[in-house]
Amino acid sequence: MHDTDSLPLVMEPEFFHSFLTSGASSELKKRVVIIDLCPESLYHRLHIPGAINVQPHLLSSGTPPARGKLPALDQLESLFSTLGFTGKEHFVVYDNEGGGWAGRFIWTLDVIGHQGYSYLNGGIHAWLHEGHPTESVANERAPSAVSLSIDESVIASKEYILGMLNSPDVAIWDARSPQEFSGEKAMALRAGHIPGAVNFEWTRAMDPARNYRIREGLTTELAALGITADKEIITHCQAHHRSGFTYLVGKTLGFTHLKAYDGSWSEWGNMPDTPVEQ
């Protein structure tokens with residue numbers, strides 16, 4: 001019998017399909033909530049049986065210039081109320097684009113202090129291309145009364161990063177493109193990167209040949225850039241979407257001191273006085 005306590009952080013589609021079709025108790029299966037972060041048009045055409053669609057914009061404040069910042073607490077409570085959140089769930093999360101929004105959802109779960117979750121490796125790409133079943137009927141859960149609190153330990157603010165810029169014990173993982181990192185491509189009033197940050201674009205951590213699973217052998221590549229498990233890792237991109245995936249990757253590699261800068265470059269690059277390198 002499967003047990004949600006033993007469900008891995010990164011779950012293979014074949015394993016998950018086996019779990020869904022196994023003889024596990026109905027009470028056990030009720031604790032598993034499948035979250036689909038694909039576009040609504042795709043969700044209504046096909047999704048994993050039982051999955052509930054969450055639109056990614058609900059995970060961000062949407063307030064300029066730093067649109068990717070964490071939503072207000074009441075917005076988060078509203079979202080999790082619609083998901084019937086009780087704190088006993090084990091969320092299985094996937095998307096259609098390699099893990100950015102799924103990772104952002106997992107970071108959000110860390111923010112609210114909920115540790116029960118798995119990432120479906122390869123998302124809907126792997127699920128479909130490997131022949132697992134789908135449905136088109138929309139699913140929902142009965143709403144719940146939700147009261148949340150925020151765990152600041154997984155959030156890096158602009159002020160926090162400014163205080164850590166010269167620390168040898170911190171690595172800033174910039175998940176944007178090399179062109180954004182170098183300043184060749186400007187996505188804010190100022191172009192470039194946070195001083196001392198290292199660039200490893202999020203798509204480099206995906207394996208298209210394996211249906212966009214997390215690529216193997218990343219530990220060595222990241223270590224060459226100074227991104228190692230003994231350091232505090234702060235990851236960001238433009239609006240903490242792409243860095244949702246790199247946050248997730250960090251967790252899979254055993255980075256226990258891991259934060260995300262939800263303000264990301266849309267905040268840092270639009271400030272008049274933050275230090276910038278090119």
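How do the residues of the lining of the largest pocket divide into nonpolar, polar and charged? They comprise 7 nonpolar, 2 polar and 4 charged residues, where Ala, Val, Leu, Ile, Met, Phe, Trp, Tyr, Cys and Pro count as nonpolar, Asp, Glu, Lys and Arg as charged, and the others, Gly among them, as polar. The model is predicted, so that local features need pLDDT of at least 70 and side-chain atom pairs count only at pLDDT 80 or more, whereas totals for chains, interfaces and linings use all residues. Residues are numbered from 1 along each chain as its sequence is written, and side-chain values use heavy atoms, with hydrogens and water left out.

The largest pocket holds about 240 Å³ of space. Among its 13 lining residues, Lys-29, Lys-30, Val-32, Val-33 and Gly-50 are the closest to its centre. A pocket is an open set of points on a 1 Å grid over the protein atoms alone, where a 1.4 Å probe fits, with protein on both sides within 12 Å along at least five of seven lines; lining residues have an atom within 4 Å of a point. The volume is the space filled by probe spheres set on the points, which are joined across faces, edges and corners. At least two lining residues come from each of α1 (13–21), α2 (26–30) and β2 (32–36), and β2 gives the most, with 3 residues. Helices (H or I, at least four residues) and strands (E, at least two) are DSSP runs, numbered from the N terminus.

Attention now turns to a pair of helices. The axes of α5 (residues 100–111) and α10 (residues 242–252) come within 6 Å and cross at roughly 65°; axes are lines fitted to C-alpha atoms, for helices over the stretch in contact, and angles run from 0 to 180 degrees between N-to-C directions. The two helices are therefore roughly perpendicular, a term for angles of 65 to 115 degrees. Their contact (heavy atoms within 4.5 Å) involves residues including Trp-107 of α5 and Phe-245 of α10.

The peptide bond from Pro-64 to Pro-65 is cis, with omega near 0°, and Pro-65 lies in the loop between β3 (52–53) and α4 (73–82). Tyr-212, although not a glycine, has a positive phi of about 65°.

Technical notes:
Angles under 35 degrees count as roughly parallel, over 145 as roughly antiparallel, 65 to 115 as roughly perpendicular and the rest as oblique.
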